Amino acid sequence: LRDRVEPDDSGYNEIDELLRATERGRTLVQHLLAFSQQQPVALRELDIKRVIGETVVLLSRSLGSQITITADIPEGLPSVTGDGASLERVLINLAVNSRDAILSDCGNPAGSSCGSIDIRVDSVELSDVPRATWEDLASGRYLCLSVEDDGPGMSADVRARAFDPFFTTK
């Protein structure tokens with residue numbers, strides 16, 4: 001497709017997005033296979049702003065018009081060591097769960113805004129927070145990723161199981 005479409009054609013950007021989505025799918029399958037075989041994930045240097053930015057583009061197209069998604073990621077963040085596909089998967093799962101919760105509590109008719117999801121990255125100095133909170137980490141500079149929505153929140157039962165492997169409310 002890319003060879004048949006000129007770069008200034010309106011469909012060119014959609015082809016790039018399709019290629020990125022295909023690559024994400026390939027990576028997801030690799031991770032599912034690695035998980036099922038309990039193989040370690042390959043960590044590498046990530047540009048967190050790029051990974052989150054691409055994920056937000058995907059989410060803004062797939063969450064629906066009733067959900068507004070924003071990302072506040074400052075310029076000049078250091079690269080991090082991690083797995084981009086895992087980060088993307090976590091963001092997608094959080095956003096889909098947020099969307100479902102927001103829409104279940106939404107009294108607005110279809111098409112009107114029901115809520116928002118905000119993704120934020122902050123640089124934090126570990127010595128600035130109480131030590132008991134982060135006892136397994138060395139002092140130093142870290143990035144803190146926050147995902148917040150304005151949905152109804154979790155019940156006490158769901159909150160108690162939220163980090164259980166394979167737990168779902170669906």
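## Overall architecture

Helices (H or I, at least four residues) and strands (E, at least two) are taken here as DSSP runs, numbered from the N terminus. On that basis the protein chain holds four helices and five strands, and from the N terminus on its elements follow the order α-β-α-β-β-α-β-β-α. This is a predicted model, in which local features need pLDDT of at least 70 and side-chain atom pairs count only at pLDDT 80 or more, while totals for chains, interfaces and linings use all residues. Residues are numbered from 1 along each chain as its sequence is written, and side-chain values use heavy atoms, with hydrogens and water left out.

Of the 170 residues of the protein chain, 25% count as buried, where buried means under 20% relative accessible area, exposed over 50%, and partly exposed in between (1.4 Å probe, protein chains only). Contact is taken as heavy atoms within 4.5 Å; among contacts in the protein chain between residues at least 6 apart in sequence, 70% join residues at least 24 apart.

## Confidence of the model

The predictor's confidence in each residue is expressed as pLDDT, on a scale from 0 to 100. The protein chain averages a pLDDT of 84, and 89% of the residues score at least 70. Among the elements of the protein chain, the lowest mean pLDDT, 78, belongs to α1, whereas the highest, 94, belongs to strand β2 (residues 67–72).

## The largest pocket

Helix α3 supplies the largest share of the lining, with 10 residues. Sorted by class, the lining of the largest pocket comprises 15 nonpolar, 11 polar and six charged residues, where Ala, Val, Leu, Ile, Met, Phe, Trp, Tyr, Cys and Pro count as nonpolar, Asp, Glu, Lys and Arg as charged, and the others, Gly among them, as polar.

Ser98 is a residue of helix α3, and it counts as buried because its relative accessibility is 7%. Setting aside residues up to four places away in sequence, Ser98 touches Ile117 and Asp149.

Arg44 lies in strand β1 (residues 44–46), and with a relative accessible area of 48% Arg44 is partly exposed. Although 38 residues separate Arg44 and Gly82 in sequence, their C-alpha atoms are 5.5 Å apart in space. Leaving aside neighbours within four places in sequence, Arg44 is in contact with Val80, Thr81, Gly82 and Asp83.

## Salt bridges

A salt bridge is counted where a side-chain nitrogen of Lys or Arg lies within 4 Å of a carboxyl oxygen of Asp or Glu, and a search of the whole structure finds 10 of them. One joins the side chains of Arg26 and Glu23 at 2.3 Å, N to O; both residues lie in helix α1, three residues apart, about one turn of the helix. Arg26 is partly exposed at a relative accessible area of 41%, and Glu23 is partly exposed at 36%.

Another salt bridge links the side chains of Arg24 and Glu17 (3.1 Å, N to O). Arg24 is buried, with a relative accessible area of 13%, and Glu17, which lies in helix α1, is buried at 9%. Not counting residues up to four places away in sequence, Glu17 touches Arg24, Val57 and Arg61. A further salt bridge pairs the side chains of Arg161 and Asp164 (3.2 Å, N to O); Arg161 is partly exposed at 41% relative accessible area, and Asp164 is partly exposed at 34%. Elsewhere, salt bridges that share partners join Glu17, Arg20, Arg24, Arg61 and Glu88 into one network.
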